[in-house]
Amino acid sequence: MDEYKQINKEKSIEMITSIYSYIDAITKIKEHILLIIAVKDTVGMMLSADLAEKIYSLGMKTNLCAQHWHSYIAVINKGKVMTDNLSEGEESLSYDTVLDGVNLSVFSSIYKKENMARIVLNGIDYAVNSRGLNFVIYDWESGKVIDSVCFDTHISYFTCSRRSEKVYGSILEIEKQVFQLQRRIERMSDVLNKMDFFLRTNMEKEQMILWQCYRNSEEEDREAKKRFFRLLPKATGVLRKMQLAGNILLQNFDRICRENHIVYWLGFGTLLGAIRHKGFIPWDDDTDVCMMRDQLEKLKKVMENEEDFVIKDFYFLEDIEVPNINHCLQFHFKSDGILCCLDIFPYDYCFDISEEIIQNRILLKRQLSKLAVEINHKLRRENRTKEEYEQAYRELFEEFYRKERKEFGITNKENGSYMIWAIDNLIYAPADRSNRRLDEMFPLEKVIFEEYSYCAPHEAEKYANQVYQNIYTIPDDLISHRHFELDGQQQEKLEKILIKYKVE
């Protein structure tokens with residue numbers, strides 16, 4: 001005990017640069033410490049028999065002499081050997097345990113493999129991670145790591161490597177704070193998840209009670225819900241005017257498609273509105289249609305000769321923590337500066353829509369978006385034009401279209417049995433549930449939307465329930481579900497459109 005206190009007092013363990021003296025010092029204090037050893041690269045050709053014997057005297061069962069290309073991990077806790085493991089061949093080794101509240105994770109790998117030594121205590125990696133024997137000493141009395149050192153046993157003079165005490169201390173303090181912050185975030189995330197579950201559960205309970213109060217005695221629950229949504233009042237004010245302008249777009253889109261034998265169908269919020277409300281969802285402000293890619297290409301050619309309307313084809317990049325780029329296709333009034341639009345979402349023909357395919361395509365979209373961010377940063381530094389941005393994104397998408405055809409079975413109408421949400425579109429969970437066999441989607445049927453008849457998926461209500469899972473529930477985005485904010489000038493343009501098309 002006196003020797004242990006003397007070594008700590010003088011901090012001599014942190015000053016030793018000879019591996020022989022270091023082992024001697026460890027021997028004197030091993031009853032009071034946690035000692036961890038991990039090899040990186042190689043045990044070392046210069047680890048002699050006498051040095052191997054000195055290490056062996058710590059209580060090991062493994063003699064490291066002439067064990068050149070082997071991974072190695074040793075853990076001694078208060079003088080007791082917890083593990084002393086030498087790889088049989090060139091494989092990497094790992095060891096994980098909890099000792100008196102300290103979470104320990106050790107990893108050793110030679111040069112031909114991962115070439116790494118990790119000694120992680122409570123989430124912080126203390127290993128020097130240099131070639132040879134990496135030592136970390138944890139002092140139980142102070143509850144701290146008192147030394148981290150590596151001796152290069154591949155060369156004759158056993159070079160000693162330590163991080164600068166001041167810099168290393170700062171790094172460890174930062175790492176400790178990061179670890180504590182991560183733990184706080186994890187706890188906060190757990191609290192938020194519980195709150196979310198509580199709120200959703202209560203919302204379900206409230207809706208259950210409300211539906212029971214609303215239901216007539218002779219009604220089934222589903223009929224009461226249908227009646228509720230059907231009788232909701234229409235939007236008013238500027239929102240209703242936006243809807244009416246969107247309806248003008250939809251009517252003319254339908255006219256152009258019918259005249260040119262182009263197949264499309266109502267999608268997402270517009271389809272939901274048709275089924276539930278026979279028109280716009282009272283809090284929605286845009287219109288959505290879907291079509292197969294071959295029909296979209298046909299539409300683009302037709303629109304070249306259209307006088308009053310235009311297809312806008314552009315790229316929208318969200319440069320956020322999880323970046324996302326969308327190839328947006330919108331049907332607009334040709335008049336400049338009117339925000340109102342109809343969104344067009346393409347689908348592709350394919351051979352398979354298994355869950356594996358869907359998830360891998362999401363990863364592919366993430367990869368595409370990441371590359372788009374890199375392109376964006378490069379072009380911004382070079383002060384390029386908007387047209388050059390568009391061209392770069394177009395070429396990137398073309399590259400990924402080819403990749404899709406090669407790796408994910410994207411094909412043409414003649415060869416495809418399925419339809420799948422195109423990579424052009426945003427990542428959207430309900431859209432992934434819209435992937436299906438073509439014979440489940442077609443033939444299309446008719447639905448009423450704002451007193452007009454439009455095409456919809458086969459068995460439209462069943463389809464919508466599969467996509468949204470429960471279409472007769474009160475959503476939680478009644479206020480936030482807005483795509484456009486109109487200033488005074490925009491409202492004036494909107495009024496002119498409604499007057500032009502004689503909409504009251």
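## E90 and its partner

At 32% relative accessibility, E90 counts as partly exposed (buried means under 20% relative accessible area, exposed over 50%, and partly exposed in between, with a 1.4 Å probe and protein chains only). K112 forms a salt bridge with E90, and their closest N and O atoms are 3.3 Å apart. This pair links distant parts of the chain, 22 residues apart: K112 is in the loop between β5 (102-110) and β6 (116-121), and E90 is in the loop between β3 (80-86) and β4 (93-99). Here, a salt bridge is a side-chain nitrogen of Lys or Arg within 4 Å of a carboxyl oxygen of Asp or Glu. Helices (H or I, at least four residues) and strands (E, at least two) are DSSP runs, numbered from the N terminus.

This is a predicted model, where local features need pLDDT of at least 70, side-chain atom pairs count only at pLDDT 80 or more, and totals for chains, interfaces and linings use all residues. Residues are numbered from 1 along each chain as its sequence is written, and side-chain values use heavy atoms, leaving out hydrogens and water.

A search of the whole structure finds 27 salt bridges. One of them joins E382 and R384, at 2.9 Å from N to O. Both belong to a network of salt bridges that links K378, E382, R384 and E388.

Another salt bridge pairs E407 with K403, with 3.2 Å between the closest N and O atoms. These two are separated by about one helical turn because they are four residues apart in helix α10 (residues 386-407). E407 is partly exposed at 46%, and K403 is partly exposed at 27%.
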